[in-house]
Amino acid sequence: MLAKATIQSLNSLREDSQDTTPVNATPALSRRGFLKLAVLSLGGLAVTPALARVATAKDRELFVYNPHTAETIRAVYWTPVDGYLHESLRDVSWALRDYYTDQMKIFDPRLLDQLHTLQLIMEYKTAPLHVISGYRSPSTNAMLCRRSRAVARDSYHMYGMATDIRMPGRGTGDLRRAALSLQAGGVGYYRRSNFVHVDTGPIRTWGY
Ligand SMILES: [Zn+2]
């Protein structure tokens, strides 16, 4: 779990999008109130009701492809008996590493739960989810920030809390709607670039 100090500093992060007014953004305070009422505990994992609908006592698996490294990983990362499997978390995190620098960070397991749940509710089983961008080192994020106004200086990508994803063969708009239904964090819609950003920060949404 994240240390308390880390969580506090993460709470002060800006949204991934700097220049777009978020639509349907939920203030952090009301989200906390909502979570206090609605969070369920399932298998030791705090989940929102949207996640609870698909979270079961079955193993949780991820099937992911990184187009930048041409690497595919298919791994069970959580079981009802053992909970999160640290080796799998490490393997998945390596597949989602900063491909500019080969640096990695262990991902927030809640993000893996979001990706797993999206694969379930989109019934995307036989092909891997494409991760366009996973972890970004501070130097890589600064470089991308200089290139594009859509990249935030304090992006959740730098904390292993965000991925940019697409499901080839499926509409990005459908993927966005599925991600919003989780009510589990930030959802950015990059229609022209054909991907959806999902993170484990406060619930909010934006689009380009
Ligand atoms: Zn992103």
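## Basis of the description

Helices (H or I, at least four residues) and strands (E, at least two) are DSSP runs, numbered from the N terminus. The structure is a predicted model, in which local features need pLDDT of at least 70 and side-chain atom pairs count only at pLDDT 80 or more, while totals for chains, interfaces and linings use all residues. Residues are numbered from 1 along each chain as its sequence is written.

## The sheet

Eight strands form an open sheet with mixed pairing, in the order S5-S4-S3-S6-S7-S9-S8-S10. Strand S5 (83–84) and strand S10 (204–207) each have a single partner strand and stand at the edges, so one side of each lacks a neighbour in the sheet. Two strands are taken to pair if DSSP finds at least two bridges between them.

S4 and S5 pair in the antiparallel sense over two bridges, and Trp78 stands opposite Tyr84 in S5. Helix H4 packs on the sheet and touches S3, S4 and S5, its direction making about 150 degrees with that of S4. Helix H5 also packs on the sheet, where it touches S3, S4, S5, S6, strand S7 (162–166) and strand S9 (195–199); the direction of H5 makes about 90 degrees with that of S3. For these angles, axes are lines fitted to C-alpha atoms, for helices over the stretch in contact, and the values run from 0 to 180 degrees between N-to-C directions. Contact between two residues requires that their C-beta atoms, placed from the backbone, lie within 7 Å.

## Strand S3 and its partners

Strand S3 covers residues 60–66. Its covered face consists of Arg60, Leu62, Val64 and Asn66, whereas Glu61, Phe63 and Tyr65 make up the uncovered one. With strand S4 (residues 71–79), S3 pairs in the antiparallel sense over seven bridges; the bridge partner of Glu61 in S4 is Val76. The two strands form a hairpin with four residues between them, and Ala70 in the turn has a positive phi of about 60 degrees.

S3 also pairs with strand S6 (residues 129–133), in the parallel sense and over two bridges. Here Val64 stands opposite Leu129 in S6.

## The buried side of helix H4

Helix H4 spans residues 86–95, and its residues Ser88, Val92 and Ala95 are buried. These residues cover an arc of only 55 degrees around the axis, which puts them on the same side of H4. The arc is that of the directions from the helix axis to the C-beta atoms. A residue is buried if 20 or more other C-beta atoms lie within 10 Å of its own, exposed if 12 or fewer, and partly exposed in between, with C-beta atoms placed from the backbone.

The buried residues of H4 pack against S3, S4 and helix H5 (109–121). The exposed residues His86 and Glu87 are carried on the face turned away from the buried side of H4.

## Individual residues

Arg110 is located in helix H5 and is partly exposed, because 17 other C-beta atoms lie within 10 Å. Arg110 and Asp199 are 89 residues apart in sequence, yet 9.0 Å apart in space, C-alpha to C-alpha.

Most residues other than glycine have a negative phi. Glu123, which is not a glycine, has a positive phi of about 50 degrees. Glu123 lies in the loop between H5 and S6 and counts as exposed, because it has 8 C-beta neighbours inside 10 Å. Asn194, likewise not a glycine, has a positive phi of about 65 degrees. Asn194 is placed in the loop between strand S8 (186–190) and S9, and it is partly exposed, with 13 other C-beta atoms within 10 Å.
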